[in-house]
Amino acid sequence: MGCASRLPHRTTRRLETIAALRSLSGLQDALPEEDKQEIYYRLGQYTRQLNHIRGERFGYYGQPDRQGENWYEVFRDMVRDTYADAGRKDIPMPVKEEETLALLERDRSIFEAVKTPRFVHWDIWAGNVFVADNRIEGIIDFERCLWADALMEVGFRNYEYNQAFYQGYGIEELTGEEKRRARWYDVYVALLWCLETDYRGYDNRDFYHMGCRAARSGIEDLRNGTYMRKDYYITEIKEQGKKSPYAREVLESLPEWFGNKASLEEYVEKVQELPFWAALNEEGKCLGFFSVRMHYGHTGDIYVCGVRPECHRMGIGKALYEQAERFFLEKGCKYAMVETLSETVDYTPYEKTRHFYESIGFEPLITLTEMWDEDNPCLIMIKPLAMASLAADMNH
């Protein structure tokens with residue numbers, strides 16, 4: 001005589017829910033924009049609820065002997081530890097320790113303004129958020145949690161800005177001091193990225209080079225105060241209905257570059273199907289954009305990009321490209337490329353364009369007269385992603 005065990009109804013339902021869960025990182029490309037923003041709004045709410053939990057001392061949850069009552073001193077020791085860990089494996093760091101600590105000491109007062117240790121998950125990125133039926137059902141991976149400044153959460157990272165998250169968290173904008181502390185936490189994360197390749201045994205150095213670039217960029221921002229001058233944010237646009245209007249607005253403001261109506265219309269149409277990042281101001285106006293495509297699985301191509309002329313020299317183009325390059329690296333690209341007008345044509349607007357690409361690491365590869373036409377020779381510029389990063393690292 002056989003017998004069968006039956007799970008209680010609630011347990012069965014719970015197991016069915018768990019089986020249906022998928023990470024947000026695996027879902028968000030297919031989610032309607034409205035649903036995705038609702039998830040990020042809820043994520044802001046849940047993050048705030050976690051941050052309401054108070055501790056008695058600052059520091060990593062699993063390292064009570066390294067905790068302390070002064071946030072500045074604890075955070076400074078955390079930064080020092082990254083350099084100590086780098087020394088153990090002879091990992092070259094992108095910024096000298098004494099330079100980083102001297103700059104940090106200058107900012108002591110903005111850290112000492114943080115008086116209450118808050119519970120910080122610190123790793124709530126899309127891969128650690130699990131969703132079912134377009135609702136957040138779980139947040140995992142608490143191994144890095146610590147008692148700290150709530151601005152250490154991933155939602156406040158410079159590279160992770162999402163307006164819906166901020167609204168869910170209950171804030172519109174960070175104060176000047178909060179922005180500066182948040183930029184320091186960007187730098188700390190970047191320093192850890194520099195270590196991760198060696199400590200986790202990755203099979204290439206791309207993650208290390210990405211960390212080096214991010215750390216140097218953050219320190220430069222902190223040294224010069226450029227993080228304070230940003231009245232825009234960079235976001236990836238997934239909704240097809242927004243890509244073409246954003247592209248059209250920007251390209252039509254640049255007749256010296258995009259005066260050919262047929263070419264402009266082709267760009268506007270094709271970006272709908274391509275990865276697309278935009279720089280938006282507080283009113284939602286598009287100040288600039290980058291749209292990219294892939295070739296052969298290992299080359300990232302800047303298909304079309306532009307920044308409104310009144311917004312030139314504000315760092316928008318560089319910030320947009322950094323997001324595109326991050327995407328290329330995540331996809332395993334070895335090279336980035338772009339097509340532009342050759343220097344054999346004496347035309348000032350495209351001279352500025354070539355100078356911009358050179359400033360972010362691109363070099364001329366070849367000029368092709370047969371690609372467009374003899375009056376508009378096409379210059380192909382290329383950037384070997386890992387090698388260019390390695391050269392930059394060796395020069396610092």
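This is a predicted model: local features need pLDDT of at least 70, side-chain atom pairs count only at pLDDT 80 or more; totals for chains, interfaces and linings use all residues.
## Q67

Q67 sits in the loop that runs between β2 (59–60) and α4 (71–88). Its relative accessibility is 16%. The cut-off for buried is under 20%, so Q67 counts as buried.

A polar atom of the Q67 side chain lies 3.0 Å from the backbone oxygen of Y60.

## Helices α5 and α9

Helix α5 spans residues 97–106, and helix α9 spans residues 206–224. Their axes are 11 Å apart and meet at an angle of about 40°. The two helices are therefore oblique to each other. The crossing of α5 past α9 is left-handed.

From α5, the contact draws on E99, T100, L103 and R106. From α9, I219, L222 and R223 take part. By class, this contact has 3 nonpolar, 1 polar and 3 charged residues.

## H312

H312 belongs to the loop between β10 (299–307) and α12 (316–330). It is partly exposed, at a relative accessible area of 34%.

The H312 side chain reaches the backbone oxygen of V307 at 2.9 Å. Not counting residues up to four places away in sequence, H312 touches V307, L254 and W257. G127 is 185 residues from H312 in sequence. In space, the C-alpha atoms of H312 and G127 are 35 Å apart.

Technical notes: Residues are numbered from 1 along each chain as its sequence is written. Side-chain values use heavy atoms; hydrogens and water are left out. Helices (H or I, at least four residues) and strands (E, at least two) are DSSP runs, numbered from the N terminus. Buried means under 20% relative accessible area, exposed over 50%, partly exposed in between (1.4 Å probe, protein chains only). A polar contact is a pair of N or O atoms within 3.5 Å; within protein, one must be able to donate a hydrogen and the other to accept it, and residues adjacent in sequence count only if both atoms are side-chain atoms. Axes are lines fitted to C-alpha atoms, for helices over the stretch in contact, and angles run from 0 to 180 degrees between N-to-C directions. Angles under 35 degrees count as roughly parallel, over 145 as roughly antiparallel, 65 to 115 as roughly perpendicular and the rest as oblique. A crossing is left-handed if the near helix is turned anticlockwise from the far one by less than a right angle, and right-handed if clockwise. Contact means heavy atoms within 4.5 Å. Ala, Val, Leu, Ile, Met, Phe, Trp, Tyr, Cys and Pro count as nonpolar, Asp, Glu, Lys and Arg as charged, and the others, Gly among them, as polar.
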